Amino acid sequence: MTTTTLETAGGVKVVKPTVASHIRDYWGRVRGGDLGSLPAVLGLVVLVLIFGTARSETFFSAGNFANLFNQAAGVTMIAMGLIFILLLGEIDLSAGFGAGVCGAVMAILLTEKGYSQPVSLAAALVTGMVMGTVLGLLVAKVGIPSFVVTLAAFLAFQGVLLNLLGEGKNISIPDGWIKSLNKDSLSVTWSWTLAIGAVLIFAAVQLMRYRGRAARGLVTDPMGIILLRIAGLAALLLTATAILTQERAINTAIASLKGVPIAAPVIGGFLVLWTFVLGRTTYGRHVYAVGGNAEAARRAGIPVDRIRISVFVIGSFMAAVGGVMLVSRAGSVDPNTGGSTILLSAVGAAVIGGTSLFGGKGKVIHAVIGGAVIAVIAVIDNGMFLMDFSSGIRYMFTGVILLIAAGVDALARRRSAASR
Amino acid sequence: MAATPLLELSGINKSFGPVQVLHDVELSVYPGEVTALVGDNGAGKSTLVKCISGIYPIDSGTVTFDGKQVSVHSPRDASELGIEVVYQDLALCDNLDIVQNMFLGREKKRGIVLDEPTMEQLAGETLASLSVKTVKSLRQLVASLSGGQRQTVAIAKAVLWNSKVVILDEPTAALGVAQTAQVLELVRRLADNGLGVVLISHNMNDVFAVSDRIAALYLGRMAAQVKASDVTHAQVVELITGGRSGNLGLPPEKPTDFVEITPGAAQ
């Protein structure tokens, strides 16, 4: 194999990357067991193909596609927060009911107390951060394992939710933008503006980084790969926008329904925010360091305890955002909001997406990819394909799919351990 | 060769409860020289290093750095003076790449954003100054490096900060023959760049291969600090195992010395 080397900063010789070497490296990592999001993406494709061909007229409809975003929003938000916690090798079992409590706080302030929408939303988010601070302090300062702390909180939050709502009560939230968040769609103009804007900004950031590094004589990714990335994102976003801006109302005489669901830019916004925090700030670097080797981080002068507390604050904050999305989708809050399979779906989304349960490895995008897999399973489960089967069969089916996803991850890890 | 030591310890005492681990230890580290710190297990090498690096407070004694008397209370004080320790377990994060590890805890920033190009450039220059000429990529994860390369990254991390004294705790303990040679070459180069290097090692071949001076600890006492060219292999082994060799080392033991072995006995 011929490789060209080039000198980088200070004259260290490194292998000059080319498009071919990039692909070879990626393939090498995959064969070595570092699969990242690959199983999730492949799984998504397989699921869509199998169930799409079985019920193509309903599955491949624009209405169903839009529905996926709304279905995924709540779980994806919770999963994004969990990624920070999982990066430290900790777990938060209380995120589901934490979301429920925050949603209930918002609903009660909106209805019974008559507060405005921004105030109620802010109160829900602050509630989440307070809960996260308490959890984080118990884990980092008192030293109780996070599994136990959050298991206790799981039970306690369930109780808080029941108490807030009174026995079995169901509070509907009034119409307004909070209710639109996970229900309505953007106008067609805004849909296109946002999609094209996102592609342009992504392209600008990529090209600026390329030029900045090249100007300093540092190794850059080959231009081909950069263009491929930009083209890939453009294809994905523009195709999705084109589908979503189709008319999907059943009877257009009553109301027109088209445009990108508002949930999509909300998910995208948080994805960009947290990806930036993890990848481009000192704080994010320190989160990875503590997750990779807490002792090394401590010796490097990183305040390990404060990092540990902060990830629980972010986790519960995102759980609160998830709670808002869940309440917005249902239009109401009840004692089971955030309960049932929400938490496990969120942890599942993060892990299926490629984040390690053992800490140190993971990206925010994993929550989105995993969330999409979970949403497709949920949509299938909700009767598109399995409507003729009993709920017993449906639960078993969902279980098997999750097991397959987790199995791929475990086999990959064993392979990567063997190749060390 | 510079006559004044860069780091000078004198009369260092350290006890853990009733057990006195260091007795009146003296040590001088000269710039541009490798000082090997040798001693048997439990002789107090690690304790001495932790006292220098500020992890343990010393009970009594003076530390002179660059001609000024200093007091080191925390690892941070030590690194501000320019003393860096490379521990045996390296303290690297496997899930981060070479540049990220080298700047861990002291990242360069532009506004709130990490300044990756600057860090990569500095890391590259530091590696080059240590004559590390080939890595696949500066952005390679540390997990994918060999033992010798990991040691190199840990050492490069220590010298990145214009440090003046670098203490290496058994840098070759876990390495193969070729990698050991590489790391020893690197140790020599650090000294040639003008740093004061302290090399802790059990391996006499390593010690004689690179060091200018040898300091032998015996049961918490500095048995001798001699030039490597003035002693033989066998003499150093005697210093390590018996505390003395010919007219080098500690005075012959008097019968009263044996009383001390019982913890808590009157001195």
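Student: What should I know before I start?

Tutor: The model is predicted, so local features need pLDDT of at least 70 and side-chain atom pairs count only at pLDDT 80 or more, while totals for chains, interfaces and linings use all residues. Residues are numbered from 1 along each chain as its sequence is written, and chains are lettered from A and ligands numbered from 1 in the order in which they are written.

Student: Which residues of helix 7 of chain A are buried?

Tutor: General idea first: an α-helix has 3.6 residues a turn, so residues three or four places apart point the same way. Buried means 20 or more other C-beta atoms within 10 Å of a residue's own, exposed means 12 or fewer, and partly exposed is in between, with C-beta atoms placed from the backbone. In helix 7 of chain A, the buried ones are S146(A), V149(A), T150(A), A153(A), F157(A), L161(A) and L165(A). Down the helix axis they fall within an arc of 105 degrees (taken from the directions from axis to C-beta atoms), so they line one face. On the other side, V148(A), L155(A), G159(A) and N163(A) are exposed.

Student: And what comes after helix 7 of chain A?

Tutor: G166(A), with a positive phi near 70 degrees.

Student: How many residues of chain A are in contact with chain B?

Tutor: Contact means C-beta atoms, placed from the backbone, within 7 Å. Here 30 residues of chain A are in contact with 30 of chain B. Helix 12 of chain A gives the largest share of chain A's side, 6 residues. Helices are DSSP runs (H or I, at least four residues), numbered from the N terminus.

Definitions and conventions: Contact = placed C-beta atoms within 7 Å. Helix = DSSP H or I, 4+ residues; strand = E, 2+ residues; numbered from the N terminus.
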